[in-house]
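Dear colleague,

I am passing on the structure below, together with some notes on what turned up in it. Please look at it first and then read on.

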Amino acid sequence: MSATPRARGPLAGIRVLDLSAYIAGPYGCALLADQGADVIKIEPPDGDNLRKYPSTLPSESRAFLGVNRGKRGLVLDLKRAGAQAVLGMLLRDADVLVHNFRPGVPERLGIGYEQLQPAHPHLVYCAVTGYGEDGPLKDKAGYDQVLQTLTGMATMQAPAGAAPQLLYGSVVDYYASALVAAGVASALVERATSGAGQYVGVSLLRSALALQSARLVWADDEPREVGRDMRSGGITGIHPTAEGYLYLSANTPHFWMALCERTGLQTLAQDPRYDSVRKRAQHQDEIVPRLREALARKTAREWEICFGDEVPCAAARTVEDMFDFEQVQAEGLITEYEHPRAGRYRGFQHAVKFGRSGMPGPTAAPLLGEHSDALLQEMGLGADDIASLRESGALG
């Protein structure tokens with residue numbers, strides 16, 4: 001792993017101080033690192049709590065490795081004056097600061113936006129909160145699945161009349177991370193014109209609602225219990241086959257006709273009762289049993305080949321299948337990482353592709369405080385200064 005800033009990517013030369021923990025803030029900063037930013041992950045002495053999450057890897061958390069690629073690691077106890085002084089030195093050359101402290105904590109640590117802005121007017125300051133900056137819940141901590149449940153996602157995920165169901169995979173956190181990267185990049189673009197940084201706010205509440213923008217439309221003359229489920233009935237969905245499960249979509253006339261033809265159900269295609277998505281949804285109890293009977297003749301992978309481009313579909317795979325999936329390999333989305341403790345492993349890289357500016361090479365997530373000494377040396381601190389900070393407990 002290189003301990004020096006990388007010089008490729010559209011954000012090369014941008015320095016980001018990542019004081020966030022868990023997923024939303026850290027992965028937003030990883031996306032910035034993917035684009036060439038020099039991201040310094042600053043952790044307290046006991047580390048980001050994500051390091052402690054359950055993992056079958058014996059030496060490191062799988063979640064931490066996946067969320068914190070491409071960063072350098074520094075440990076500072078920001079409750080100590082010496083650590084605050086080091087952070088002040090880092091802020092002189094920093095372009096971006098990201099944190100997800102609960103409201104009030106940054107101010108107690110001396111790093112609230114209003115506290116930093118006078119001395120660092122160029123700084124893009126991104127705060128990730130649970131519920132936003134205003135309102136009765138503004139001081140409340142936010143969590144992915146809590147927001148899924150609160151905002152209707154869990155209710156909408158469940159079949160009609162069934163108990164609410166969560167969508168696992170931290171979808172709200174990961175969407176918030178994309179908003180972190182996008183919001184920070186937009187503020188940097190604006191700064192190139194104005195010369196001034198600004199506050200950037202991302203909340204899990206806004207992220208959860210943004211994911212449901214198509215559902216959050218309520219006309220004046222509509223009742224409260226209006227249908228907001230955009231699913232097109234039981235035809236489009238996951239179905240069992242002779243072996244495995246298959247997702248297929250047949251919303252357009254072309255796809256519906258092709259589905260019927262390839263499954264030998266041409267009589268359904270000719271029936272005027274089923275000639276629109278709305279009608280097929282109304283008659284799904286008649287159509288789905290016949291469709292599943294036909295699908296039982298082949299495996300999911302065989303149907304995938306049979307339908308080709310004529311019917312949008314995919315055989316249900318595991319995430320492990322993605323490591324060697326042909327399209328993933330062709331896109332170069334999986335690469336090898338070297339980690340001092342976890343050793344060699346394969347993992348995801350580069351969610352965005354850039355043609356002219358290129359992208360930095362992959363580096364693994366840092367050990368706790370792995371680059372502390374090197375970073376302080378870059379700032380001009382000598383061995384005695386570093387030893388003094390470590391002795392005081394300010395530096396890990």
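Helix 10 (residues 253-263) and helix 14 (residues 300-307) have axes that come within 11 Å and cross at roughly 120 degrees. Axes here are lines fitted to C-alpha atoms, for helices over the stretch in contact, with angles running from 0 to 180 degrees between N-to-C directions; helices (H or I, at least four residues) and strands (E, at least two) are DSSP runs, numbered from the N terminus. Helix 10 and helix 14 are therefore oblique to each other, given that angles under 35 degrees count as roughly parallel, over 145 as roughly antiparallel, 65 to 115 as roughly perpendicular and the rest as oblique. On the helix 10 side the contact (heavy atoms within 4.5 Å) is made by L259, R262 and T263, and on the helix 14 side by W303, C306 and F307. These residues divide into 4 nonpolar, 1 polar and 1 charged, where Ala, Val, Leu, Ile, Met, Phe, Trp, Tyr, Cys and Pro count as nonpolar, Asp, Glu, Lys and Arg as charged, and the others, Gly among them, as polar.

Before going further, please keep in mind that this is a predicted model, in which local features need pLDDT of at least 70 and side-chain atom pairs count only at pLDDT 80 or more, while totals for chains, interfaces and linings use all residues. Residues are numbered from 1 along each chain as its sequence is written, and side-chain values use heavy atoms, with hydrogens and water left out.

Helix 10 also meets helix 13 (residues 284-295): their axes come within 10 Å and cross at roughly 50 degrees, and the two helices are therefore oblique to each other as well. Here W256, L259 and T263 of helix 10 meet I287, L291, A294 and L295 of helix 13, a set that divides into 6 nonpolar, 1 polar and no charged. Helix 13 in turn lies across strand 7 and strand 8, running at about 55 degrees to strand 7.

Those strands belong to an open sheet of 3 strands in the order 7-8-9, with antiparallel pairing; two strands pair if DSSP finds at least two bridges between them. Its edge strands, each pairing on one side only, are strand 7 (237-240) and strand 9 (313-315), and neighbouring strands are turned by 25 degrees against each other on average, direction ignored. Strand 8 (residues 245-248) pairs with strand 9 over 3 bridges, and L248 stands opposite C313 in strand 9.

Elsewhere, strand 4 (residues 96-99) is covered on both faces, with V96 and V98 on one side and L97 and H99 on the other all buried, that is, under 20% relative accessible area, against over 50% for exposed and partly exposed in between (1.4 Å probe, protein chains only). Strand 4 pairs in the parallel sense with strand 1 (residues 15-18) over 3 bridges and with strand 5 (residues 124-129) over 4 bridges. L17 stands opposite L97, and V98 opposite C126.

Finally, I42 sits in strand 2 (residues 38-43) and, at 4% relative accessibility, counts as buried. Leaving aside neighbours within four places in sequence, I42 is in contact with L17, D18, L19, L74, L76, L87 and L90. Between I42 and V16 there are 26 residues in sequence but 10 Å in space, C-alpha to C-alpha.
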